[in-house]
Amino acid sequence: MLNIIWLFFFIFAFVVSLYQWLVLGNAGIFEALLTSIISMSKVTVEIAIGLIGILSFWLGMMKIAESGGIVNKIAQAISPLFSRLMPEVPKNHPAFGSITMNLSANFLGLDNAATPLGLKAMSDLQEINPKKDTASNAQILFLVLNTSSVTLFPISVFVYRAQQGAAVATDVFLPILLATFASTLAGLVSVALFQRIKLYKGVILLYLSGAMALVAALVIYLAQLTAEQLASQSSLMGNFLIISVLISFLAIAHLKKINVYDQFIIGAKEGFEVSIKLIPYLLAMLCAIGVFRASGALDLIVDSIRNLVIYLGGDTRFVDALPTAFMKPLSGSGSRAMMIETMNAHGADSFAGRLASIMQGSTETTFYVLAVYFGSVGIRYSRHAITCGLIADVSGICAGIGVCYWFFG
């Protein structure tokens, strides 16, 4: 899929460029394409270098959280919920441990730890799957929750915003939290409808009621604030929560006699490696998208949608962020590049720049996760997994547009 998308950007950009030259008489279009490639190559290196520090620091702190047993504690707290959501999985089965650990790691933004734990969970679920080439109910639910799971700390989004000149990089914290909660809830409800899971009974209702009560209380509080206060509170709550959690990681690990400095160094080394590995992926997608925009192809698509919105009498400010939304289910690196390109073109603190950031942080990459997780255990028939995953994606995107207008509109 990613191969087709990447190739499409270049081929379609070239076709549009030929039209610009032969029909519109724009002889400088090909120079613009080359200039865009050079510019995006430079931006790629600047972004990657800027990521090294924060990624190394964050993964270092996450290593402390792992060694201090914090991820395990979160897993234990939510494991009763999954034993009810997946009734076909035997009690005390190893899959529950892997599932809760994976989702806990995602919640904390522990991407490196989340992926292997997710593959292990899928493998554990495959052991009890009666049809080895067809996704079971439990595997579908796990995958959909993975593609839409709430991430409390979207650190990478904050870093990209800071690099692109955002005045307050964390002002999108609360909008992302609300949008990703909507995505997760929609994904869970859609799977429950397909699998006839009763969400309104017992332990499931208790967990969902608690989560919804917290979000409702947050929404009620935020509804009393002005637009300026909303942005300020989002930044304050985001910054305070992140610092408080980091201090808690250090304190808990230290009380457990863990050498926090050594653990931090181990994790920080991983952060450096991750930053360097990102360069080829960022380079490929940013150059392709740069060419796509320089040729006028991206503007052609976006302007068509904008004209439709104008015809329907709607506000068009959200349209410039839609490329990130369209790319998100298909490619994580692609949507990341689209977000950066949107902020680069319109400004990090523009409505489009903020909305692209919210969309990037509100859902996961559905088709990539499906391909990796199901492919790892040989599943060929995904049943309703794609449908439910896309429902979660669309819900997260729509919620993101709504909260962006609420906070910054």
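The model is a predicted one. Helix 8, residues 173-195, packs with helix 9 and with helix 17.

**Helix 8 by itself**
- Arg 196 follows helix 8 and has a positive phi, near 55°.

**Helix 8 with helix 9**
- Packed helices are described by the angle between their axes and the distance between those axes.
- For helix 8 and helix 9 (residues 202-223), the axes come within 12 Å and cross at roughly 145°.
- The crossing of helix 8 past helix 9 is left-handed.
- On the helix 8 side, the contact uses Leu 174, Leu 177, Leu 178, Phe 181, Leu 185 and Leu 188.
- These meet Leu 208, Ala 211, Met 212, Val 215, Leu 218, Val 219 and Leu 222 of helix 9.
- By class, this contact of helix 8 with helix 9 holds 13 nonpolar residues, no polar ones and no charged ones.
- In an α-helix there are 3.6 residues a turn, so residues three or four places apart point the same way.

**Helix 8 with helix 17**
- Helix 17 spans residues 385-408, and its axis is 7 Å from that of helix 8, at an angle of about 150°.
- Angles over 145 degrees count as roughly antiparallel, and helix 8 and helix 17 are therefore roughly antiparallel to each other.
- Helix 8 passes helix 17 in a right-handed crossing.
- The contact of helix 8 with helix 17 is made up of 16 nonpolar, 7 polar and 1 charged residues.

**Helix 4 with helix 6**
- Helix 4 contributes Ile 99, Asn 102, Leu 103 and Asn 106 to the contact, and helix 6 contributes Phe 142, Leu 145 and Asn 146.
- This contact of helix 4 with helix 6 has 4 nonpolar, 3 polar and no charged residues.

**Arg 293**
- Beyond its neighbours within four places in sequence, Arg 293 is in contact with Leu 298, Asp 299, Glu 341, Ala 345 and His 346.

Notes: Residues are numbered from 1 along each chain as its sequence is written. This is a predicted model: local features need pLDDT of at least 70, side-chain atom pairs count only at pLDDT 80 or more; totals for chains, interfaces and linings use all residues. Side-chain values use heavy atoms; hydrogens and water are left out. Axes are lines fitted to C-alpha atoms, for helices over the stretch in contact, and angles run from 0 to 180 degrees between N-to-C directions. Helices (H or I, at least four residues) and strands (E, at least two) are DSSP runs, numbered from the N terminus. A crossing is left-handed if the near helix is turned anticlockwise from the far one by less than a right angle, and right-handed if clockwise. Contact means heavy atoms within 4.5 Å. Ala, Val, Leu, Ile, Met, Phe, Trp, Tyr, Cys and Pro count as nonpolar, Asp, Glu, Lys and Arg as charged, and the others, Gly among them, as polar. Angles under 35 degrees count as roughly parallel, over 145 as roughly antiparallel, 65 to 115 as roughly perpendicular and the rest as oblique.
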